[in-house]
Amino acid sequence: MRMKPFVIAAGLALATALAGCSSDGAIRLFSNDYGARTDAGYNLPAIPIYKVDRKYHRQVVRYQTDEKPGTIIVDTSQKFLYFIMEDDKAMRYGIGVGREGFEWKGTARVALKREWPVWTPPAEMIRRQPELAKFRGGMDPGLTNALGARALYLFNKGGDSGYRLHGTPEWASIGKAMSSGCIRLLNQDIIDLYNRAEIGAKVIVR
């Protein structure tokens with residue numbers, strides 16, 4: 001049985017996409033890296049990545065900057081986080097950012113890194129959302145934890161900024177402004193960033 005030309009063409013296009021090629025400027029696209037996995041004893045579910053805009057999929061892109069490799073640059077307007085690499089390249093991740101009234105910009109550094117962290121809502125958040133008082137002593141790690149699978153804790157000259165780069169199970173929030181100021185990534189993406197970023201890394205939020 002001979003396959004029709006358009007069927008063959010469609011199959012080749014799909015194979016090209018899965019191989020990591022992209023027509024939107026990406027050097028390498030990681031759309032096939034969002035499957036289920038077991039991590040530190042937790043069964044991290046697959047993300048329906050086809051429902052997430054392709055521009056927010058993890059990808060290596062061209063990115064020129066004077067910042068040294070290892071620096072993290074957060075573009076809050078475009079909803080991208082860039083991990084700077086060698087040769088004018090960066091690993092780009094889609095992010096969710098602070099909603100109106102909770103935006104912030106500035107420079108910080110990664111002071112701490114935690115796998116499956118405990119989340120403790122700050123006092124001002126509990127005042128806004130009294131239902132969170134039950135987590136005053138900390139929310140246990142897990143699939144529903146607000147910090148997800150990993151967290152990078154951002155400090156500035158004044159100490160702990162209170163802001164985090166962290167994972168989230170809420171994949172639909174990527175590309176949107178709906179957090180309380182922290183920068184959220186898909187859990188599979190924060191694991192990747194966690195493995196790349198070093199303690200002391202410079203973080204620029206624009």
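# Report on a predicted single-sheet fold

Two strands pair if DSSP finds at least two bridges between them. Helices (H or I, at least four residues) and strands (E, at least two) are DSSP runs, numbered from the N terminus.

The model is predicted, so local features need pLDDT of at least 70 and side-chain atom pairs count only at pLDDT 80 or more, whereas totals for chains, interfaces and linings use all residues. Residues are numbered from 1 along each chain as its sequence is written, and side-chain values use heavy atoms, with hydrogens and water left out.

## Overall make-up

The protein has three helices and 14 strands. Of its 206 residues, 45% are buried. Buried means under 20% relative accessible area, exposed over 50%, and partly exposed in between (1.4 Å probe, protein chains only). Contact means heavy atoms within 4.5 Å. Among contacts between residues at least 6 apart in sequence, 64% join residues at least 24 apart.

## The sheet

Ten strands form an open sheet with mixed pairing. Their order is E1-E4-E7-E6-E5-E14-E9-E10-E11-E13. Strand E1 (28–29) and E13 stand at the edges. Each has a single partner strand, so one side of each is left without a neighbour in the sheet.

Strands of a sheet pair through backbone hydrogen bonds, either parallel or antiparallel. Strand E9 (residues 106–115) can be followed to both of its neighbours in the sheet order. With strand E14 (residues 202–205), E9 pairs in the antiparallel sense over four bridges. Gly-106 has Val-205 as its bridge partner in E14. Six bridges join E9 to strand E10 (residues 150–156), and these two also run antiparallel. Here Val-110 has Leu-154 of E10 as its bridge partner.

E10 in turn pairs with strand E11 (residues 159–168), antiparallel, over five bridges. Asn-156 has Gly-159 as its bridge partner in E11.

## Cores and helix H3

A nonpolar core is a set of buried Ala, Val, Leu, Ile, Met, Phe, Trp, Tyr and Cys residues joined through side-chain atoms within 4.5 Å. The largest one has 29 residues. Those with the most contacts inside it are Ile-72, Leu-81, Leu-152, Leu-165 and Leu-193. The elements giving two or more residues to this core are E5, E6, strand E7 (89–94), E9, E10, strand E13 (183–186), H3 and E14. H3 supplies the largest share, four residues. Apart from this core lies another, of 15 residues, among them Ile-49, Tyr-56, Phe-80 and Ile-204.

Beyond its neighbours within four places in sequence, Leu-81 is in contact with residues including Ile-72, Met-91, Leu-165, Ile-183, Leu-185 and Leu-193.

How many of the 10 residues of H3 are buried? Eight are, so the helix is largely enclosed by the rest of the structure. The buried residues are Asn-187, Gln-188, Asp-189, Ile-190, Ile-191, Asp-192, Leu-193 and Tyr-194. Asp-189 lies in this helix (residues 187–196). Not counting residues up to four places away in sequence, Asp-189 touches Tyr-34, Tyr-56, Arg-58 and Tyr-93.

## Loop residues

Most residues other than glycine have a negative phi, and most peptide bonds are trans. Lys-79 has a positive phi of about 65°. Lys-79 sits in the loop between strand E5 (72–75) and strand E6 (80–84). Trp-116 also has a positive phi, of about 45°. Its loop runs between E9 and helix H2 (123–128).

Gly-148 belongs to the loop between H2 and E10. Leaving aside neighbours within four places in sequence, Gly-148 is in contact with Trp-116, Pro-117, Gly-167, Thr-168 and Asn-187. Gly-148 and His-166 are 18 residues apart in sequence and 6.4 Å apart in space, C-alpha to C-alpha.

| Buried residue | Relative accessible area |
|---|---|
| Asp-189 | 0% |
| Gly-148 | 1% |
| Trp-116 | 6% |
| Lys-79 | 14% |

## A pocket

On a 1 Å grid over the protein atoms alone, a pocket is an open set of points where a 1.4 Å probe fits, with protein on both sides within 12 Å along at least five of seven lines; lining residues have an atom within 4 Å of a point. A volume is the space filled by probe spheres set on the points, which are joined across faces, edges and corners.

The second largest pocket has a volume of about 170 Å³. Of its 13 lining residues, the closest to its centre are Lys-68, Pro-69, Gly-70, Thr-71 and Ala-201. The lining divides into five nonpolar, three polar and five charged residues. In this count Ala, Val, Leu, Ile, Met, Phe, Trp, Tyr, Cys and Pro are nonpolar, Asp, Glu, Lys and Arg are charged, and the others, Gly among them, are polar.
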